[in-house]
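Open the model in your viewer and keep the sequence panel beside it. We will go from one selection to the next.

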Amino acid sequence: MENIMGKVYDFLQKCGVFYVLTLNGGRPEGRPFGAVMEAYGKLFFSTAKTKQVYKQLTHNPIIQIIALKPNTREWIRINGEAIECEDIILKEKMLTECPFLKKRFNSACCEFFALFEVSLQDAYINIDNEFVKINE
């Protein structure tokens, strides 16, 4: 699984912005994210506990992440579940790897800082019009 998440993470890093889709009352709802981290072969993203996305993730953890590499037709689609992570060491790592988050969260212990692990179900990547499932 670690190699798969490495591929997913590398692709998302090259995209810069990725979109997390949640369910809001049975309807899909997406928003842009930029903070992503790989640790111990797992993928993580963060948000604030004050946002609607946090409420949606804690109510129904099923997500889809999509991203398109700039100036290409290469894209990725990830299906899985978002599992909240309270590990302070991982939160500190996220703040180090994504320093722009420090503008919003003054420390890993900030009461509004939420970190989510992506429990991967499947992931697909489209490069050069070749659609490949990358977690087999």
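Select strand β7, residues 113–127, in this predicted model. Colour its residues by burial. 12 of the 15 residues of β7 are buried, so the strand is largely enclosed by the rest of the structure. Leucine 120 has a relative accessible area of 14%. That value is under 20%, so leucine 120 counts as buried. Now draw a C-alpha to C-alpha distance from leucine 120 to isoleucine 134: the two are 11 Å apart in space and 14 residues apart in sequence.

**Partners of β7**

Show the neighbouring strands. Start with β6, residues 75–85. β6 and β7 run antiparallel and are joined by 11 bridges. Find glutamate 84, which stands opposite phenylalanine 116 in β7.

Alanine 48 stands opposite phenylalanine 113 of β7.

Then move to β8, residues 130–133. Four bridges tie β8 to β7, again antiparallel. Isoleucine 127 has glutamate 130 in β8 as its bridge partner. Two residues lie between β7 and β8, and the two strands form a hairpin. Stop at aspartate 128 in the turn: its phi is positive, at about 55°.

**Aromatic rings**

How many aromatic pairs does the structure hold? There are five. Zoom in on phenylalanine 45 and phenylalanine 116. Their ring centres are 5.7 Å apart and their planes meet at 20°, so the pair is stacked. This pair links distant parts of the chain, with phenylalanine 45 in β4 and phenylalanine 116 in β7, 71 residues apart. Both phenylalanine 45 and phenylalanine 116 are buried.

Tyrosine 54 belongs to helix α2, residues 52–59, and is 62 residues away from phenylalanine 116 in β7. Tyrosine 54 is buried, as is phenylalanine 116.

Now select the whole group. Phe18, Phe33, Phe45, Tyr54 and Phe116 form one aromatic cluster.

**The nonpolar core**

Select Val8, Leu12, Phe18, Phe45 and Ile78. These residues have the most contacts inside the largest nonpolar core, which has 29 residues. Which elements give two or more residues to this core? They are α1 (2–15), β1 (18–24), β4, α2, β5 (62–68), β6 and β7. Highlight α1: it gives the most, with seven residues.

**The largest pocket**

Rolling a probe the size of a water molecule over the atoms shows where empty space is left. The largest pocket has a volume of about 210 Å³. It is lined by 15 residues, and Phe33, Ser46, Thr47, Lys51 and Leu101 are the closest to its centre. Colour the lining by class: eight residues are nonpolar, three polar and four charged.

Methods:
Residues numbered from 1 in each chain as written. Predicted model: local features only at pLDDT ≥ 70, side-chain atom pairs only at ≥ 80, totals over all residues. Heavy atoms only, no water. 1 Å grid on protein atoms, 1.4 Å probe; cavity = no way out; pocket = protein on both sides within 12 Å on 5 of 7 lines; lining within 4 Å. Points joined across faces, edges and corners; volume = space filled by probe spheres on them. Nonpolar A, V, L, I, M, F, W, Y, C, P; charged D, E, K, R; others polar. Phe/Tyr/Trp six-rings, centres within 6.5 Å; stacked < 30°, edge-to-face > 60°. Buried < 20%, exposed > 50% of the residue type's maximum accessible area, 1.4 Å probe, protein only. Pairing = 2+ DSSP bridges. Core = buried A, V, L, I, M, F, W, Y, C linked by side-chain atoms within 4.5 Å.
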